[in-house]
Amino acid sequence: MGGLRKEPTAKRGKPEHMHDHYDIAVVGGGLAGSVAALSAASEGWSVAFIAPPPPRQDGRTTALLSESIDLLAHLGVWEAVKPASAPLRTMRILDGTKRLLRAPPVSFHSSEIDLDAFGYNIPNQPLFDVLQAEISQSARIDRFGSPLVDADQTAERVNLRLADGPQVTALAALAADGRGSKLRDAIGITIKTWSYPQSALVMNFSHRLGHAGTSTEFHTEQGPFTQVPLPGNRSSLIWSVKPEDVDAILALSREALNAAVETRMHSILGAVEVEGAVQAWPLSSLIAESFGRGRTLLVGETGHAFPPIGAQGLNLGLRDIMQAIGSIRDAGGPQQAPEAVRDFNRQRRLDVTTRTAGVDLLNRALLSSSLPMQALRAGGLAALSAVPPLKLLAMREGMTPGWRKIVNRQVCGSAGKQIGR
Ligand SMILES: Cc1cc2nc3c(=O)[nH]c(=O)nc-3n(C[C@H](O)[C@H](O)[C@H](O)COP(=O)(O)OP(=O)(O)OC[C@H]3O[C@@H](n4cnc5c(N)ncnc54)[C@H](O)[C@@H]3O)c2cc1C
């Protein structure tokens with residue numbers, strides 16, 4: 001399969017073996033777009049993958065829950081990233097605020113819902129690299145390294161114009177070009193956006209004590225400070241800070257940074273040593289007014305984005321992809337894209353709006369000094385820790401919305417396996 005393919009470059013334009021017309025065009029080559037391209041190819045569809053190289057190495061890690069891992073397994077990439085990943089067996093929330101109303105600690109154990117692990121924490125860069133290697137091996141995917149500049153749709157197809165000249169057409173398009181999506185704008189889907197006085201600092205660190213597969217999310221007045229396990233005595237960290245504090249923290253000496261992290265971790269993992277570079281990611285939210293139009297479906301952060309609380313963002317994006325592929329297949333294939341778009345819009349609304357609203361409410365409750373908001377947050381977490389059926393429901397819904405299991409079975413088929421086996 002792989003030997004037939006040449007890597008196209010933006011400068012040289014379209015290599016001779018590439019076509020102009022495809023079953024599916026995937027615009028955007030981040031994690032969502034890469035998974036979308038492989039998922040579409042796995043259905044036997046020809047795919048134009050419009051994916052300029054990313055602007056920087058991605059130092060983040062992503063906690064992917066079991067149905068997302070099933071999808072990676074189905075696409076044949078999970079075994080290659082598993083060694084760099086660590087299972088998530090316990091997710092713990094500790095109130096690190098100094099507020100009047102503080103929440104009790106809450107721990108969620110995967111064993112309570114009969115799973116070996118909720119999922120895995122995966123470093124983004126190795127996952128991205130493995131996805132690119134798999135894409136370059138696929139005879140059904142042609143990669144275009146030049147960005148989309150404009151697009152329009154007719155009743156029969158989507159027309160996509162690229163920066164270096166070529167026009168690509170497809171029966172259906174998956175817009176995965178992120179928050180500032182050109183394709184979403186070109187087809188006239190508007191978005192609602194809002195921002196928070198927060199940036200996320202991300203880094204990896206080693207620690208003296210073992211983490212036992214536990215992720216601890218400290219709720220602080222600036223937002224969550226979340227440690228997530230990596231293989232060995234190592235973890236990743238997402239540290240929400242005020243944007244004006246970013247530069248001062250980045251300028252700390254390594255010793256001072258190590259001490260700051262250990263203090264905020266309340267030394268639960270002993271002494272820590274930060275590894276490599278620290279990256280800052282601004283935090284904001286968006287939701288699209290619809291998740292598809294005509295022959296185009298929005299997947300990943302093109303349709304929704306929110307702060308990294310409770311490991312939801314990419315998991316939600318991968319559920320978009322599973323639903324998009326299922327809707328197109330059930331409609332009769334890419335030729336029937338308008339019908340698939342209507343189904344996709346209906347199926348995705350509840351999951352996307354409830355997750356976006358839930359994360360927004362929790363984040364605002366953390367940042368707010370108002371007593372009613374504090375009471376809401378503390379009361380909600382107290383109820384979770386005191387009422388076992390509520391906690392079980394929260395864990396199951398946090399993993400997979402009930403209705404999703406059907407689509408997951410459809411897309412992953414028998415390749416879907418329970419985590420940790
Ligand atoms: C600090 C942090 C931690 C997170 N942790 C988690 C977690 O633990 N679990 C979880 O589920 N989620 C997590 N998330 C969310 C997750 O990282 C995102 O949902 C995910 O990375 C979004 O991927 P995407 O492919 O949709 O978007 P992007 O990564 O933004 O990709 C969009 C792509 O489109 C390309 N593009 C842009 N314009 C064009 C154009 N005109 N033509 C062609 N291509 C274009 C870009 O170059 C880019 O490659 C976290 C987010 C942050 C900020």
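Which residue in E7 is the bridge partner of leucine 65? Okay, hi everyone, let me start there. It's glycine 119. One thing before I go on: what we're looking at is a predicted model.

H4 brings us to the helix packing. As a reminder, you describe two packed helices by the angle between their axes and the distance between the axes.

Take H1 and H4. Their axes come within 10 Å and cross at roughly 30°. The cut-off for calling a pair roughly parallel is under 35 degrees, and that makes H1 roughly parallel to H4. The crossing of these two is left-handed. On the H1 side you have Leu31, Ser34, Val35, Ala37 and Leu38, and they meet Asn124, Leu127, Phe128, Leu131, Gln132, Glu134 and Ile135 in H4. Sorted by class, the H1 and H4 contact has eight nonpolar, three polar and one charged residues.

H1, residues 31-42, also packs with H8, residues 313-331: the axes come within 10 Å and cross at roughly 25°. H1 and H8 are therefore roughly parallel too. The crossing of H1 and H8 is right-handed. Who makes the contact? From H1 it's Leu31, Ala32, Val35, Ala36, Ser39 and Ala40, and from H8 it's Leu314, Gly317, Leu318, Ile321 and Ile325. In the contact of H1 with H8 I get nine nonpolar residues, two polar and no charged.

Next pair along, H8 and H9. These pack at an angle of about 155° with their axes 8 Å apart. Roughly antiparallel means over 145 degrees, and H8 and H9 are therefore roughly antiparallel to each other. The crossing of H8 and H9 is right-handed. Here the H8 residues include Leu316, Arg319, Asp320 and Gln323, and the H9 residues include Ala337, Glu339, Asp343 and Arg355.

How many strands does the open sheet with mixed pairing have? Eight, in the order E6-E5-E13-E14-E15-E12-E16-E19. E6, which is 106-109, and E19 are the edge strands with a single partner each, so one side of each is left without a neighbour in the sheet.

Let me walk through some pairings. At the E6 end, E5, residues 90-95, runs antiparallel to E6 and four bridges join them, with arginine 92 opposite serine 107 in E6. E12 and E16, residues 272-288, are joined by 13 bridges and run antiparallel. Serine 195 stands opposite serine 284 in E16. Then E16 goes on to E19, residues 304-305, with two bridges, again antiparallel, and isoleucine 287 stands opposite histidine 304 in E19.

Which residues are closest? Out of 32 residues around the ligand, the closest are Gly28, Gly30, Gly178, Gly300 and Gly313. The elements giving two or more residues to that shell are H1, E3 (61-65), E12 (191-207) and H8. H8 contributes the largest share of the shell, four residues. By class, the shell divides into 17 nonpolar, eleven polar and four charged residues.

To tie it together: H8 packs with H1, packs with H9 and gives four residues to the ligand shell. Okay, that's me, happy to take questions.

Methods: Residues are numbered from 1 along each chain as its sequence is written. This is a predicted model: local features need pLDDT of at least 70, side-chain atom pairs count only at pLDDT 80 or more; totals for chains, interfaces and linings use all residues. Axes are lines fitted to C-alpha atoms, for helices over the stretch in contact, and angles run from 0 to 180 degrees between N-to-C directions. Angles under 35 degrees count as roughly parallel, over 145 as roughly antiparallel, 65 to 115 as roughly perpendicular and the rest as oblique. A crossing is left-handed if the near helix is turned anticlockwise from the far one by less than a right angle, and right-handed if clockwise. Two residues are in contact if their C-beta atoms, placed from the backbone, lie within 7 Å. Ala, Val, Leu, Ile, Met, Phe, Trp, Tyr, Cys and Pro count as nonpolar, Asp, Glu, Lys and Arg as charged, and the others, Gly among them, as polar. A residue is near a molecule or strand if its C-beta atom, placed from the backbone, lies within 6 Å of it. Two strands pair if DSSP finds at least two bridges between them.
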